[in-house]
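Keep the structure open as you read.

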Amino acid sequence: MERMIIKLSMFHTLALGVLSIWFGDWLRAKFPFLKKYCLPGAVVGGTIFAIISLLLYNAGICELQFDYKVANSLFYCIFFAASGAAASLSLLKTGGKYVVLFCISAAVLAALQNGIALGLGSVLKVPPLLSMMTGSIPMTGGHGNAAAFAPIAVQFGQSNAMEAAIAAATFGLISGAIIGGPFGRFIVRRHHLEDPALDGKGEMEEESGKSTMGNLMHKGDVVQAMYLMCFALGVGGAVFTVLKALHISFPIHVCCMFAGILIRLFFDAKKGADHTALYEGIDTVGDFSLGLFVSMSIISMKLWTLAGMGLQLFILCMAQAIFIIFYSYFVDFFGMGKNYDAAVIAVGHTGFGLGAVPVSMVTMTAVCKKYRYSKLAFFVVPVIGGFLSNITNAIIISKFLDIAHTMQMAMGL
């Protein structure tokens, strides 16, 4: 008996994404350890829904198919525009140094991920081209790079490379979403980075329905913020079109982030006006967009792809997840100054280092809601994870694919 295919429209997917967020938030309220370890509601609820989808698939009942790409692209770009609008001129000046440092760190991580994939893969007797599908291609690169680079391995003769890369990217997305929050809490508490001024206990207690880091907003501020972010998408789209005509490859979401930066600089230049509430409204729009993007991304995951991964590939992926914890702690946290901003940046690297910038942002947000906001981290991580690391990673991947191909030919595979 064939499984029934249930196709869910974009509106159904949106509704299920919201339900997953509500369910995740409800679970966080019922089970305090989820909030204690900074596990976001979108991740908690989305993962449970993905597991239910997996059970329905394995039971032969049905396969859920989601129409989410257009909505996800929209919310992803709005989120990046809002991230750009959070970057004031002073932050741009301060953050430049950290952008360079973090860019180097992301490139080194990508190279080490590929080194681990090939090295440990040879011990486990996994063909080099196949083991590469658990390195920086799906981890730092995510599903996008998995789809882009796996066909190269297929052309080299590794026929199952695509399935392995997609499975590894799915594993990375899940593990990154789970690791970030508890990892951030560990760093903050171990190094006593809590802010005692926030409350008597040294941690910020979240209150249901209330912003812990913002000022009082009015309806008009949120509406204006939404208008501005939609306008930023138009500006970003125009920039993207011009660059494309000049044969310059720039991701659309980075162009939208640039538009958000321009909007922030424009409002900052207006003397004598207080735009604090408007900026808070933009942050709110960004949080809304991020939550929906992450929720829809997780509920649409095909977890059954992990079933065909096999023990050897699973071990390779687990090694990557464990390694990034140590790397982010000893390289990012210590290298960025051993302060609170460095801790949140380290959390961010566990997110996109295992597959997706939005995972970085949602886990960073969970940590910041518990403690306090880090403007520097929310500027540096999207710039590197959303753009610069894509360039450095692509160069590194190309070199390592050539090495893997040479190794495989030498082995007669």
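A residue is called buried when its relative accessible area is under 20%, exposed when that area is over 50%, and partly exposed in between. The model is a predicted one. Start with I315, in helix α12, which spans residues 310–335. Its relative accessibility is 33%, so I315 counts as partly exposed. I315 belongs to a nonpolar surface patch.

Helix α4 covers residues 69–85, and helix α9 covers residues 219–245. Their axes come within 9 Å and cross at roughly 105°. Angles of 65 to 115 degrees count as roughly perpendicular, so α4 is roughly perpendicular to α9. On the α4 side, the contacts are made by L74, C77, I78, A81, A82 and A85. On the α9 side, M226, M229, A232 and L233 meet them.

Charged pairs come next. Side chains of opposite charge can pair when their charged atoms come close. The structure holds 2 salt bridges. One joins the side chains of K302 and E63, at 4.0 Å from N to O. This pair links distant parts of the chain, 239 residues apart: K302 sits in the loop between α11 and α12, E63 in strand β2. K302 is partly exposed at 41%, whereas E63 is buried at 14%.

The other salt bridge pairs D268 with R264, with the closest N and O atoms 3.0 Å apart. Both residues lie in helix α10; they are 4 residues apart, so about one helical turn separates them. D268 is partly exposed, with a relative accessible area of 30%. R264 is buried, at 10%.

Conventions: Residues are numbered from 1 along each chain as its sequence is written. This is a predicted model: local features need pLDDT of at least 70, side-chain atom pairs count only at pLDDT 80 or more; totals for chains, interfaces and linings use all residues. Side-chain values use heavy atoms; hydrogens and water are left out. Patches are made of residues with over 30% relative accessible area and no salt bridge: like charges are joined within 9 Å, nonpolar side chains (Val, Leu, Ile, Met, Phe, Trp, Tyr) within 5 Å. Accessible areas come from the Shrake-Rupley method with a 1.4 Å probe; for residues, only the protein chains shown count as cover. Helices (H or I, at least four residues) and strands (E, at least two) are DSSP runs, numbered from the N terminus. Buried means under 20% relative accessible area, exposed over 50%, partly exposed in between (1.4 Å probe, protein chains only). Axes are lines fitted to C-alpha atoms, for helices over the stretch in contact, and angles run from 0 to 180 degrees between N-to-C directions. Angles under 35 degrees count as roughly parallel, over 145 as roughly antiparallel, 65 to 115 as roughly perpendicular and the rest as oblique. Contact means heavy atoms within 4.5 Å.
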